[in-house]
Structure formats: C-alpha cells, structure tokens
Amino acid sequence: MRKRTSYTLLVVFLVLCALAADVYLRQKAPPEVARLLPESDAIVFFNLKPLRAATHFDKNPVAPAPAYQQFIDATGIVVERDLDQAAFALTRMPNPSGPNGPVAFSEVFKGHFDTQRLTAYLASQSTSQEIYANLILYAIPSEGRTLRIALLDYETVAASNAPTPEQLHSIIDRSRAAASPFAGSSLLAARYADIPPFSSAWAVGHIGLPFGENGKIAVAGLQLPVPADTTFVASLRYTTALHLRIDQLTADETAAEQSAQQLNGLLTLFKNLQQGQPDPALTQFLSSIKIAPEKDRATLTATLPTDILKHLTSTTANP
C-alpha cells in the first residue's frame, strides 16, 4: 500500500513538473500568432490589449471609411475594439515592379469574432473558394491582387495576398501541428531572443522593405543612410511610459559607429526642419531620441508620448 501511494505521488509530481515546464516554455516562447506565420523576410507583431489600455483608442473611434463601415455592418467586428493580437509576415517579391508589388503580406489575427457573420461576409465577397485541410479559403480581389482568407478557429483568422496559396497553406499546416512553443519560422527562431521582454509591439527582419526607394529606406520623405534590406529589431514597451527601441544590425563595431553618426546627423537635420512646429508631443518625442553604437548594432531609444500613439492608432484604425 505504501509503495502504491509512493508511485502515485511520484506520478503526480512528474505531471506537475511537466505542466510547470510547459507553462514556463510558453511564457518564454513567441506569441502563437507569430509562430503560425510562414517563412518570410520580416515579422511585425502587435498585442493590442496593453496598447488599448495605454491609449484608450477604442473609446474614441474615428469616423470609419465607407468600405470599413460596410465591413462593420456585415460582420459586427470593430477592429479597434475586437482585435487582440496581430502578426504580419513580409515576403520580398522577385520583381518589385511586377503586378504583386515589392512585398507580399501574410497575417494572423486573434480576437473576438462572430464567425457565422464573418463567414457569410467572406463568402459574399469571394470570387472563388478552395478547400485545404478541411478549411475554406476565400479568394477576394483586393487592390489588383488576390487576398486569401481562412478562419482557423472561432478566434483566429489568417490571410495572405501572396501570388499563390502556399503561404496560407503553411499557416494552416502550422496551426494543425498544435503550435509547439518551439515552432515558428527560422527568422523568429534567430531573432526573437533580441526582443525586450514584455514588448507590446515588435518587428524583426528586413522591416524597411515596404519603405524602400532606390535601394534605401525613406521615412516621412527623408531617405535613411541604410540599405532597404538592413536587418532591424524594433520594439515598443509600456511601463510608466511607452519606450521605443530600434536596433540596426551591422557587420561590426566600426560599421555600427558609422551608422550611428550618420543617423544622428539626419536626426539633427529633421529636428531643425521641425523647429517652430506647434506640436509639443512631437517635440518631446524628438528630444527623447538617443542614437548610439552598441557593439555590432546602432541603437535608437526614445520615449513615445501617448498623444502620438493615439494619433497613429486613430489614423490607422480603418483597415
């Protein structure tokens, strides 16, 4: 009897250890919506719950565009209220001037959806449908390309505007593989450890691809002194304020110092151009920016005023 009790206690102890290990690994693992993404050149992730709490952008909705209002009326989904997490994979197209543009996007969204109404809406908008792994893939024309969408479960939606359905197939395959904490693309495995803990939003890889112009990155009309395929690790973390950090990965310490000097010069120019502008939030943000070399990377840190984030969320709320 004592032996049986000892074996039972041992089994219970081992099960508890296994559960604790699983919980620990999942806490350290990338978010599931990011792990489901296919191989890509860059990944962007948003956890809207803390951003929503910091800015309350869901409490101050902007007037929706007509197409967005039609989507709301048909599905009942208000993105700024119902979306909790979103992850995007950016994949470079072989021909930037081709019909598919320079970059294809694959996305995974997690939130609160009325799947019956959403399914009916997707069926009404699609021009064709495909069955893959017992899921319906809806093909919807969008800006000269085809957007394919699938409902993975009652709270998760996947989409891709890649030229072929392979990207969306990959997402579905990953979702069917139980989304192990060790799963994910090679880019995620290589760079997730560089992201500061508790980041509400982050991006890794060649995140400058959509802003590439003549092989360089252009932001707000200013061309940055870095190639469009430069690898970055960017994050936004909220504690008592919103902290922005962007690491530009370079070949060595010398390259990091040179890049930091060039970016500081561009920052000084931008500050001079903004002098006299009646925007205290922007002035506060620019004053907080610091750019310095750190070993093999040039690092930008800044404090992002919530007024700026509220403006960004209000202007990007219409999908």
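These are my notebook entries on one chain, its helix 6 and its residue Arg297.

**Ground rules.** I am reading a predicted model, in which local features need pLDDT of at least 70, side-chain atom pairs count only at pLDDT 80 or more, and totals for chains, interfaces and linings use all residues. Residues are numbered from 1 along each chain as its sequence is written, and side-chain values use heavy atoms, with hydrogens and water left out.

**Whole chain.** I looked up the secondary structure and found eleven helices and 15 strands (DSSP runs numbered from the N terminus: helices are H or I with at least four residues, strands E with at least two). I noted that 42% of the 319 residues count as buried (under 20% relative accessible area; exposed is over 50% and partly exposed in between, with a 1.4 Å probe and protein chains only). For contacts (heavy atoms within 4.5 Å) between residues at least 6 apart in sequence, I found that 62% join residues at least 24 apart.

**Helix 6.** I looked up residues 115-125 and found Leu118, Tyr121 and Leu122 buried. They lie on the same side of helix 6 because they cover an arc of only 95° around the axis (taken from the directions from the helix axis to the C-beta atoms). On the other side I found Gln116 and Ser124 exposed. I listed the cover over the buried residues, which includes helix 4 (66-75) and strands 5 (135-142), 6 (145-153) and 7 (156-160).

**Arg297.** I placed Arg297 in strand 15, residues 297-304. Arg297 is buried, at 15% relative accessible area. Leaving out residues up to four places away in sequence, I found that Arg297 touches Asp194, Asp247, Gln248, Leu249, Thr250, Ala256 and Ala292.
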